[in-house]
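Student: I have a model open and would like to learn how to read it. Can we go through it feature by feature?

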Amino acid sequence: MNHPATANGAVALPLPVVAPVTVPVAGRDQAFAVRRIYCVGRNYIEHIREMKEGDERDPPFFFQKPTDAIVTDGQVPYPVLTEDFQFELELVIAIGRTPDPDPTQSLSAVFGYAVGLDMTRRDRQREAFREGRPWEVGKSFDASAPCGPILPVEAGGHVLAGPLTLEVNGRVAQQSELGKMIWNVPEIIVQLSRQYRLMPGDLIYTGTPAGVGAVQVGDRLRGRVAALPELDVTIVAGR
């Protein structure tokens, strides 16, 4: 096939068409198109203590995951390059518009909330931490951000309090309260907005409580946060 040349003589190749990554919206025949995924690090004191990393007084920090980290079909493939694949249950904020400059109006940017898992190659993350390197190898990989259906604010209100519970094969592994977050939802939005321009389609994973642990192929994880739609996933063999 002959491709047309540009004005400077270079050959113009056709760009691939990539479908947007989406998350279902509860109660609607529509989906939320994901632009970016932000994650809050160390947002529960008990988790900071169990990981023995950082200081409880540290300000919030953020890292990102690729959009293809999203999983909505209930199957999380066990990834390559790890022998310690761990779960972290989290409340997810879905941004519907760029936040107002007035910090007191930060919640007006929220489209809805969901239950999410920050899946982690813990051995790789710990290696990066010891060597002072970025966390991408431990955090930012394919299928590492399962997300349940998003419940719009207009249907369920703002999710600022309530329990978090994660069961692994029917046994409770993580259990806490949103009120124990060091940085709450409005504060997270304000802090993140100082570093990035939040836009419609952004997801914010708000941090995990204590109780994280490893999973194996065949394990079933069931996450609940307040009255949000549940997240139910199974760890499957890597693809």
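The dialogue below goes from overall shape to sheet, cores, cysteines and backbone angles.

Student: What should I know before reading any values?

Tutor: This is a predicted model: local features need pLDDT of at least 70, side-chain atom pairs count only at pLDDT 80 or more, and totals for chains, interfaces and linings use all residues. Residues are numbered from 1 along each chain as its sequence is written, and side-chain values use heavy atoms, with hydrogens and water left out.

Student: How many helices and strands does the protein chain have?

Tutor: Helices (H or I, at least four residues) and strands (E, at least two) are DSSP runs, numbered from the N terminus. Here the count is five helices and 18 strands.

Student: What radius of gyration does the protein chain have?

Tutor: The radius is taken over C-alpha atoms, and the globule rule is 2.2 Å times the number of residues to the power 0.38. For 239 residues, that rule puts a compact globule near 18 Å; the protein chain has 19 Å, which agrees. Its C-alpha atoms fill a box of roughly 60 × 45 × 40 Å along the principal axes.

Student: What share of the residues is buried?

Tutor: Buried means under 20% relative accessible area, exposed over 50%, partly exposed in between (1.4 Å probe, protein chains only). Buried residues make up 47% of the 239 in the protein chain. Helix α2 (residues 122–131) gives an example: its buried residues are R122, D123, R124, Q125 and A128.

Student: And contacts along the sequence?

Tutor: A contact means heavy atoms within 4.5 Å. Take the contacts between residues at least 6 apart in sequence: 75% of them join residues at least 24 apart.

Student: In what order do the five strands of the open sheet run?

Tutor: Two strands pair if DSSP finds at least two bridges between them. The order is β6-β18-β17-β13-β14, with mixed pairing. The edge strands, β6 (75–77) and β14 (171–177), each pair on one side only. The twist averages 20° from one strand to the next. Axes for such angles are lines fitted to C-alpha atoms, for helices over the stretch in contact, and angles run from 0 to 180 degrees between N-to-C directions.

Student: In which sense do β17 and β18 pair, parallel or antiparallel?

Tutor: Antiparallel, over four bridges, with β17 at residues 220–225 and β18 at 231–236. G223 stands opposite L231, and L221 has V233 as its bridge partner. The hairpin has five residues between the strands, and A226 takes a positive phi near 50° in it. On the β6 side, β18 pairs in the parallel sense over three bridges. There P77 stands opposite V236.

Student: Which residues of the largest nonpolar core touch the most other members?

Tutor: In soluble globular proteins, nonpolar side chains tend to be buried together. A nonpolar core is a set of buried Ala, Val, Leu, Ile, Met, Phe, Trp, Tyr and Cys residues joined through side-chain atoms within 4.5 Å. Among the 41 residues here, Y113, L117, I204 and L221 touch the most other members. Elements that give two or more residues include β9 (110–117), α5 (185–193), β17 and β18. A second, separate core of 18 residues includes C39, I70, A114 and W135.

Student: How many disulfides does the structure hold?

Tutor: A disulfide is a covalent bond between the sulfur atoms of two cysteines. The test is a pair of cysteine sulfur atoms within 2.5 Å. The structure holds zero. For C39, the nearest cysteine sulfur is that of C147, 11 Å away. C39 is buried at 0% relative accessible area, and C147 is buried at 3%.

Student: Which residues have a positive phi without being glycine?

Tutor: Most residues other than glycine have a negative phi. Two exceptions are R42, at about 55°, and A143, at about 60°. R42 sits in the loop between β3 and α1 (45–51). A143 is in the loop between α3 (136–139) and β11 (145–146), and counts as buried at 10% relative accessibility. Just after α2, the glycine G132 also takes a positive phi, of about 70°.
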